[in-house]
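The sequence and structure come first.

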Amino acid sequence: MNNYSTIYEAVGETEGVRRIVEVFYPKVKEHPLLGPLFPEDITPVMDKQALFLSQFFGGPPLYSDQYGHPMMRGRHMPFPITPERAEAWLDCMNRALVDLGMPEELRLFIIERLSAPAHHFINTDD
Ligand code: HEM
């Protein structure tokens, strides 16, 4: 994080968050445990995720401005989120950050921050 006060600033604000989302979702789509959960056209999910992550990373509340209170666990309830899927999601994110050449310290910090919600969204064992 060095001199930055938020992850949002450290990754390069809105454009940086957008780049993460653009490298992350192709990996999600290709993942055998994750891909089938997502719609054919992933663009709307990418757009929402870019808004949400900007806010989650300490930037402007872009998601809430447009969609109201995130209630992210609730929004994931229609989908079977197993422990394996949570790990797969985090692994796709980790590989996206590696591909983007993110400094290791920042990458590990981001993954640690995201692992809390990822595990919180688990709603089934199978
Ligand atoms: C734990 C593993 C996860 C799985 C398997 C998963 C899966 C999904 C699926 C299937 C959707 C809905 C796609 C659709 O609209 O049809 C979705 C939406 C979304 N996910 Fe996840 N997700 C996971 C973790 C996370 C995490 C950790 C975050 C952020 C911290 C996140 C943020 C979002 C957002 C912002 C949306 C869009 C919500 C909306 O419709 O407004 N997800 N996710």
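The model is predicted; local features need pLDDT of at least 70, side-chain atom pairs count only at pLDDT 80 or more, and totals for chains, interfaces and linings use all residues. Residue numbers start from 1 along each chain as its sequence is written.

**Overall fold**

The chain has seven helices and zero strands, where helices (H or I, at least four residues) and strands (E, at least two) are DSSP runs numbered from the N terminus. The radius of gyration of the chain is 14 Å, close to the 14 Å that the globule rule gives for 126 residues, so the chain is as compact as a globular protein of that length. This radius is taken over C-alpha atoms, and the rule is 2.2 Å times the number of residues to the power 0.38. The C-alpha trace spans about 45 × 30 × 25 Å along its principal axes.

Two residues are in contact if their C-beta atoms, placed from the backbone, lie within 7 Å. Among contacts between residues at least 6 apart in sequence, 68% join residues at least 24 apart.

A residue is buried if 20 or more other C-beta atoms lie within 10 Å of its own, exposed if 12 or fewer, and partly exposed in between, with C-beta atoms placed from the backbone. Buried residues make up 21% of the 126 residues.

Helix 2 covers residues 13-30; at 1.5 Å a residue its 18 residues should span 26 Å, and its end C-alpha atoms are 27 Å apart, which agrees. The expected span is 1.5 Å times one less than the number of residues. In helix 2, Gly 16, Val 17, Ile 20, Val 21, Phe 24 and Val 28 are buried. The buried residues of this helix pack against helix 1 (7-10), helix 3 (43-56) and helix 6 (83-99).

A nonpolar core is a set of buried Ala, Val, Leu, Ile, Met, Phe, Trp, Tyr and Cys residues joined through C-beta atoms within 7 Å. The largest one has 21 residues, and Val 11, Val 17, Ile 20 and Phe 24 have the most contacts inside it. Helix 1, helix 2, helix 3, helix 6 and helix 7 each supply at least two residues of this core. Leaving out residues up to four places away in sequence, Ile 20 touches Val 11, Leu 53, Ala 96, Leu 97 and Leu 100.

**Ligand shell**

The ligand is surrounded by 22 residues, and the closest are Leu 37, Lys 48, Phe 52, Ala 86 and Trp 89. By class, the shell has 17 nonpolar, two polar and three charged residues. Ala, Val, Leu, Ile, Met, Phe, Trp, Tyr, Cys and Pro count as nonpolar, Asp, Glu, Lys and Arg as charged, and the others, Gly among them, as polar.

**Single residues**

| Residue | Class | Other C-beta atoms within 10 Å |
|---|---|---|
| Glu 13 | partly exposed | 15 C-beta atoms |
| Gln 66 | exposed | 11 C-beta atoms |
| Met 71 | exposed | 10 C-beta atoms |

Glu 13, in helix 2, has a positive phi of about 55 degrees although it is not a glycine. Met 71, in the loop between helix 4 and helix 5, has a positive phi near 40 degrees.

Conventions. Near = placed C-beta within 6 Å.
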